[in-house]
Amino acid sequence: MEVGIDVIEIDRIQQTLERFGDRFLRRVYTERERERYGRRPAELAARFAAKEAVMKALGTGVRGIRWRDIEVLPNRRGKPIVVLHDTAAARAAHLGLTHFSISLTHSRSVAMAVVVATKRAPMDGEADGS
């Protein structure tokens, strides 16, 4: 099991968005993330924190993994899920990590993400203790 956590000020994402606009969005977020969260700084900040948390769980920090190779989208019930591509998927495979659980939150000023990566998905009832 590997764990990653990150917190970021929402104003920092807002300022970066104002300064770099689409260039920042295209560098960090996938097309699906951009379509869904566009210019919503709190949502973008939560996903930015999530990507950094995943990178920490993968043991790389921000080096060696492209931002867009980590995608954070909601499932059909709205729960965030992690989808790995290319460099992130290769690193996870190298470590044998196959399941990523993620939790996102934000207040007025900060966004935070926690990621737990495991070598298998939890069995039914394992995750909630039932």
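## Ground rules

Residues are counted from 1 along each chain as its sequence is written. Because this is a predicted model, local features need pLDDT of at least 70 and side-chain atom pairs count only at pLDDT 80 or more, while totals for chains, interfaces and linings use all residues; side-chain values use heavy atoms, with hydrogens and water left out.

## The annotated domain

Let's start with the record. An unreviewed UniProt entry puts the feature "domain: 4'-phosphopantetheinyl transferase" at residues 3-113. UniProt positions follow the numbering used here, feature names are shortened, and annotations may be inferred rather than shown by experiment.

In the model, residues 3-113 are 47% helix and 26% strand, and the end C-alpha atoms of the span sit 11 Å apart. Helices (H or I, at least four residues) and strands (E, at least two) are DSSP runs, numbered from the N terminus.

## An arginine on helix α1

R19 belongs to helix α1, which covers residues 10-20. Is R19 buried or exposed? R19 is exposed, because its relative accessibility is 67%. (Buried means under 20% relative accessible area, exposed over 50%, and partly exposed in between, using a 1.4 Å probe and protein chains only.)

Now look back to M1: R19 is 18 residues from M1 in sequence, and their C-alpha atoms are 38 Å apart in space.

## Salt bridges

How many salt bridges does the structure hold? There are eight, each being a side-chain nitrogen of Lys or Arg within 4 Å of a carboxyl oxygen of Asp or Glu. One of them pairs K56 with D6, with 3.0 Å between the closest N and O atoms. K56 is in helix α4 (residues 41-57) and D6 is in strand β1 (residues 2-9), so this pair ties together parts 50 residues apart in sequence. K56 is partly exposed at 41% relative accessibility, whereas D6 is buried at 9%.

R39 and D22 form another salt bridge, the closest N and O atoms being 2.8 Å apart. This pair links distant parts of the chain, 17 residues apart: R39 is in the loop between α3 (31-37) and α4, and D22 is in helix α2 (residues 22-28). R39 is partly exposed at 48%, and D22 is partly exposed at 42%.

Then there's R66 with D86, at 3.6 Å from N to O. Here R66 sits in the loop between α4 and β2 (70-74), while D86 is in helix α5 (residues 86-95), 20 residues apart. R66 is partly exposed at 44%, but D86 is exposed at 54%.
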